[in-house]
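Please examine the sequence and the structure before reading on.

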Amino acid sequence: MTKQLLQGFLIAVTCGTGSWAQGLTAAAGGNVLHPIPLPFAAEKDTLPLGKSTGKGLTRTNPADTLPVPDTVNVLRSGLSPQDLVPTGYLGQRRKYITGSIGSLSSAAIERSVVPNFENALQGRIPGVHIIQANGMPGSDVVVRVRGTATLLGEAAPLYVLDGVPIFSGPRGIPAPGMGGGWGAAFNPLSDINPNDIASIEVLKDAAATAIYGARGAGGVVLITTKKGSPKKTDIRLDYYRGVTSPARTVNSLTGRQYLQLLDESWVNSGNTGTGPLPTVNGFTRERAEATHSDHLNQVLRQGMVQQVSLSASAGSEKTTFYISGSYRKETGIVTGNDFERATGRINISNDISEKLTLGANVGLNIINYTSMPVGYGAGGGFNAAQTNLPVFPWYNEDQTYFNPYNPRATGLPGSNVAAYQDKNQFDNEQHVSRTFIQAFAAYKIIPGLTFRSDAALDMYFHSTRDYLSKRIRTGSLGSGAGREGQPTAYASFERNSVNGYNLNNTLTYTKAVRNHGLTALGGIHFYYSENPHFFFEGEGFTNDFSREPHTASYRNTRTASSLVTNKFAFLAYFANANYAFKDRYLVGATVRTEGSSRFGANRKYATFPAVSVGWVVSDEAFLQQNKTINFLKIRASYGKTGNAGMDNYAALEQWNLTADSRYLNQPGVQYQSLGNPNLTGETQHQLDVGLDFAVLHNRLRGTVDFYDKKTRDLLLRYATPLSAGITDQGLLLNAGKLRNRGLELGISSSNIVSGSFQWHTDFTVAHNRNKVLSTGGLAPGQITPHGNIGTYEGHPLGTFYLAEWAGVDPDTGAELIYDGSGNKVPALSAAQVDEARVPQFDKPSAPRFFGGLNNMFTLKGFDLSVLVTFAYGNWVLDEGERFLSYVRGDNNLRAEAYTRWTADNPDTGYPRLLFNDPIAGRNTTRFLHDASYLRIKNVTLGYAFAKALPKRLLLSNARIYLTAQNLFTFTRFPGWDPEVAGNPGTNLDRSLGQGITYLEVPQVRTFVAGITLSF
């Protein structure tokens, strides 16, 4: 033999008319070929070996000998982890994948400079819809893979970190007490450092997700962290710092404008004189006329963000490791909203012998977070800054707080925004930590047969402390003489833990014989989660320094202390096989049988099968010489997955031991819920047909997918009669059906690749059509308690149910709506508006199309990337706009109110103002807006000094960069931000209420400068 075989390289031996031994790899220093699975093979390059010596190559499976050929096809990247796509419990070369999987590399994540890894996915993977809930650091991110496929179940995907399902929220117990009303929903995944991520894969169709069985219906997001490389050392330091500001602003009336419109509305309502002001000690008309308080300016500020990350990776022939640490600090654009995160990670792997490999992945993440009231929550945060009267000062003449108490209710705080910026008056502190520990062992039993065992612990801890001083709050009802309705401080402590225990055992077998390649996988999965929860509150303290609830004078007997442990478990058996014939005919099959403690006694286990096929058409003889088509693969899949994201004890009959039962308010046992022994998770049947292609010398690459997925056994809640005496009057049944059907397109093009200048483009667009097939006999209003949303068979989820606004009567200025007969009539009462409600089928809450466009330019050392995201065809109900459009006497109005109807201004779209208009509490389509948008999401300009660095600096590369996020937004939506997710509290809210916003913090515009040093 003239040249020695290359160790660790995949080899396909070509002899005569065909491939004799595709999928073999050479051992070190020898001519022995070891069989490896075809699904891992890579692209072929030809390596000439010269003339045959006739010595021959011997297979480890004693068989024939093969004369040394003239050429050996060396598959150069076949064993490189970077070339394998994680698909659930194993990896595959993308060429051989028959499911629908979207990927994002670490380079794309790092260049995005995002606060969390979910934001990096926006606009980059077809069919994955990402919505940042608001602009508060650490706030929730809504992720939907191929639409919303449930009502009461968990709609978010399953997140799997290095093969381990992790807690991603929401928790099973709603936040109680005052703490439940502060801020926006927190995102548990914001604790993960994006710089630690090597790649993200999103599994979308049944062929890809069935391996996760009862939790795969919402899609699966696989997060793979970075590892070390053999014989390579890499040290990296990254630092950036920048400023943030609101991406958009909405103005309110000034003090002078408000008084003018107050008086005008008072007269329009049939009164005389000036309009009434709220009754507050020391507050007069004269003082109001001399005051203009810009509450928004008092609350909003320029934010700041900075992050430093340091990582090191190295390896030898036997051991590899990756170690990293990072620190991130953000001061939000709302004063009092701050975020700090510290992370650390160690990944290590060691080849104990040729057969045994041991490894561990350990991560520790810590967050300190302070929040401010937004949305519907009471208090003096971003919501109050918009609603407070601009004629209200912040301080009295003696420097005490002006109007500090809630005039409408005892036990709830007031809304003085200046008071809420003082930590001595209001304090909301949240502490989050996650400890992730994973250990694994892999043992090669015989060539081609490997056993692997993974054990992992995911410990998530979240505690919240609230304090409201007696200067901004009065005592609650029942708190006793001297406290009830009188200035009284409040404190609470809440601790929520989610501990997940995970065990995987798998056996993988690979075999390659002539034209046949097989990879088979079998395994068992066990997952157990416990959710200990503790809550304690109290009010009335002996001094201003005592803030511990247990030192309070009064402790509410209903919520004074609670200790609840939610538990659930999954046990699953699964198998997967992938077969390739002649390197181009592909077949895959998966089956998983899974049981859960959440399922009823009669349906404890469910089975989830899936099959897929693929045909690499470009490898056929009739296309191999085609100069236009470089790669063409057709694939199809069909299978079943499940959704077990429901209450842990919904299937069980439950009783409640209580101190005030329904019988004479005496201690006793209450019948809490009926239970359902036939309850099981939702099932989803999905068909996917896809096409992967590369043309024009691989200059244009892409993927197209059509999918049709139907959710059966849809969870619905049925009301039980009051005569049953049950506390929880909802019975959960598997009774409904819905469907998501859509089309996805992803294209990558290399527009210019000549010389030192390159230009690459990535484009994604997706269309999803959601349709309710059956509501199980429930009327639209029985499914959701939200009066503005209905669920109708034959139509999408989240259909707005509103009276149709008909504009303004130019003669009278009256606000018009369409009645049941389609006539324009003045809206005179709330009952009349309610009676005129009709479903708005032509104004869906979900976008008809969404996606992104990313352009990447490089010129010598310079690089420029521009990412644009968009959504088209969705509508948003702005309840905040409705609240700030009517004069009640104690709330401000948006600046548009100054364009209201008057006799001198009859041609306007803003109706005549009335004081305490009877329809002020009702939404109509007046506040329903087209929220289509196009946003310049990310612009990054960088320069790398790789070739200009002196060797004495020991730097392999240095790069400086400038990044802008949310630079511009083009939209007709008149509110703060067209990209909304609401502030939901239940799964039902998350599925139906994404198109509703109320006084939420907008997205932030960010400018950062950074530097990356590589050693």
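The model is predicted, so local features need pLDDT of at least 70 and side-chain atom pairs count only at pLDDT 80 or more, while totals for chains, interfaces and linings use all residues. Residues are numbered from 1 along each chain as its sequence is written, and side-chain values use heavy atoms, with hydrogens and water left out.

Q: How many helices and strands does the protein have?
A: Helices (H or I, at least four residues) and strands (E, at least two) are DSSP runs, numbered from the N terminus. By this rule the protein has 12 helices and 50 strands.

Q: What percentage of the residues in the protein is buried?
A: A residue is buried under 20% relative accessible area, exposed over 50%, and partly exposed in between (1.4 Å probe, protein chains only). Of the 1015 residues in the protein, the buried share is 56%.

Q: Among contacts in the protein between residues at least 6 apart in sequence, what percentage joins residues at least 24 apart?
A: Contact means heavy atoms within 4.5 Å. For contacts between residues at least 6 apart in sequence, the share that joins residues at least 24 apart is 71%.

Q: What is the volume of the largest cavity?
A: On a 1 Å grid over the protein atoms alone, a cavity is a set of points where a 1.4 Å probe fits but cannot get out, and lining residues have an atom within 4 Å of a point. Grid points are joined across faces, edges and corners, and a volume is the space filled by probe spheres set on the points. The count comes to 17 cavities of 30 Å³ or more. The volume of the largest cavity is about 390 Å³.

Q: Which residues lie nearest the centre of the largest cavity?
A: Elements that give two or more residues to its lining include strand 18 (234-246), strand 20 (319-331) and strand 50 (1004-1014). The lining divides into 12 nonpolar, 16 polar and 4 charged residues (Ala, Val, Leu, Ile, Met, Phe, Trp, Tyr, Cys and Pro count as nonpolar, Asp, Glu, Lys and Arg as charged, and the others, Gly among them, as polar). Of the 32 lining residues, those nearest the centre are P115, E330, Q965, V1004 and T1006.

Q: How many charged residues line the second largest cavity?
A: The second largest cavity has a volume of about 190 Å³. It is lined by 19 residues, with Q92, A207, A208, N576 and T590 closest to its centre. Its lining divides into 9 nonpolar residues, 10 polar residues and, as for charged ones, none.

Q: With which residue does the side chain of S324 make a polar contact?
A: S324 is in strand 20, and at 9% relative accessibility S324 counts as buried. A polar contact is a pair of N or O atoms within 3.5 Å; within protein, one must be able to donate a hydrogen and the other to accept it, and residues adjacent in sequence count only if both atoms are side-chain atoms. At 2.6 Å, the side chain of S324 is joined to that of D196.

Q: Which side chain makes a polar contact with the side chain of N187?
A: N187 is in the loop between strand 15 (164-165) and strand 16 (197-203), and N187 is buried at 1% relative accessibility. Leaving aside neighbours within four places in sequence, N187 is in contact with residues including N116, G138 and D140. The polar contact, at 2.8 Å, is with the side chain of E118.

Note on methods: On a 1 Å grid over the protein atoms alone, a cavity is a set of points where a 1.4 Å probe fits but cannot get out, and a pocket is an open set with protein on both sides within 12 Å along at least five of seven lines; lining residues have an atom within 4 Å of a point.
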